[in-house]
Amino acid sequence: MIPDAVSTVRPVVANPSKTVKDDFKKYWNGAEKSRLEDEGKQKSTIATAHRFSVAFSFLARAMAVDRALAPHQSVFFQELASDAVHLVHVLLNGDARAGRFYLRSIIENFWRHHYFRDHVIEYGWLHSRNKYYLEMRELREHCGFLPCFASPLDVEFKELPRLYALLSTSVHSTDSRSLVLRKSLEEIKLLRLQSESLVRDMRQVMQNCLLLCIYSERNTFSALHKQTQDFIFELLPKAKREKIKALVTEIDPAEPPEPP
């Protein structure tokens with residue numbers, strides 16, 4: 001269970017880091033781990049995925065209870081958070097390719113969220129026009145023009161297409177060197193080398209998306225309790241953490257200054 005984190009809606013979690021750690025311990029102890037080649041050395045990979053899933057779920061829950069947000073402004077972020085939860089599940093069940101599929105889907109839903117939150121009419125077309133479809137390229141290009149992803153966050157934003165291409169190669173590749181060729185369910189395992197590679201991709205995707213969402217959804221982020229904000233900040237490396245902290249604490253130039 002993901003702990004409650006929005007102080008204005010639910011009771012404050014006194015220590016989110018400890019709560020999340022305890023939650024993972026309970027999940028890990030009750031889980032079937034036969035699909036891991038070396039559970040002792042792969043536990044940290046699953047724990048890392050779990051922490052990121054909780055961080056995105058904190059933000060998704062805050063959006064879900066914000067009555068000012070229409071469905072088109074949050075539904076694809078909810079799906080992004082769902083992808084992060086599924087990632088934990090498929091890794092524990094030994095499926096490396098599915099893990100990369102969900103990492104790629106997180107990037108896709110990141111682009112969908114930031115496109116459709118600004119396009120309510122097009123969001124309606126998803127339900128009313130059977131053949132309406134937008135290519136990922138169109139979504140990505142729209143996001144590239146958004147002011148929230150301009151300098152200094154353009155560095156992280158420009159990483160997403162590279163990571164998306166890398167993950168797509170792994171998911172769809174027919175290169176004989178990347179084929180899995182499993183013959184039975186019993187053969188499906190997450191190997192140590194796979195988890196080491198996956199955790200590198202995971203950190204890059206999750207950290208970049210999380211940092212960008214903290215800023216693009218800074219009103220939602222600021223509604224979280226400070227201890228929950230600190231938990232999310234701690235998932236970022238020091239340089240990125242200091243960078244985004246400086247940005248979210250700036251006075252929004254669109255807002256009038258307070259009177260003297």
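Which residues have the most contacts inside the largest nonpolar core, and how many residues does that core have?

Analyst: The model is a predicted one, in which local features need pLDDT of at least 70 and side-chain atom pairs count only at pLDDT 80 or more, while totals for chains, interfaces and linings use all residues. Residues are numbered from 1 along each chain as its sequence is written, and side-chain values use heavy atoms, with hydrogens and water left out.

The largest nonpolar core has 74 residues. A nonpolar core is here a set of buried Ala, Val, Leu, Ile, Met, Phe, Trp, Tyr and Cys residues joined through side-chain atoms within 4.5 Å; buried means under 20% relative accessible area, exposed over 50% and partly exposed in between, with a 1.4 Å probe and protein chains only. The residues with the most contacts inside this core are Phe56, Phe110, Trp111, Met202, Leu210 and Ile232. In soluble globular proteins, nonpolar side chains tend to be buried together.

Ile232 may be taken from that list for detail. Contact means heavy atoms within 4.5 Å. Setting aside residues up to four places away in sequence, Ile232 touches Ala55, Phe58, Leu59, Leu210, Ile214, Phe221 and Leu224.

Phe77, Ala84, Leu87 and Leu91 in α3 meet Leu198, Met202, Met206 and Cys213 in α8. The axes of α3 (residues 75-92) and α8 (residues 192-216) come within 13 Å and cross at roughly 160 degrees; axes are lines fitted to C-alpha atoms, for helices over the stretch in contact, and angles run from 0 to 180 degrees between N-to-C directions. The two helices are therefore roughly antiparallel, a term for angles over 145 degrees, with those under 35 roughly parallel, 65 to 115 roughly perpendicular and the rest oblique.

Met202 is also in contact with Thr48, which touches Val199 and Arg203 as well, neighbours within four places in sequence being left aside. Thr48 lies in helix α2 (residues 39-64) and is buried, with a relative accessible area of 5%.

Cys213, one of the α8 residues that meet α3, raises the matter of disulfides, defined as pairs of cysteine sulfur atoms within 2.5 Å. The structure holds 0 of them. Cys213 is in no disulfide, and the nearest cysteine sulfur, that of Cys209, is 6.2 Å away. At 1% relative accessibility, Cys213 counts as buried.

Key. Helix = DSSP H or I, 4+ residues; strand = E, 2+ residues; numbered from the N terminus.
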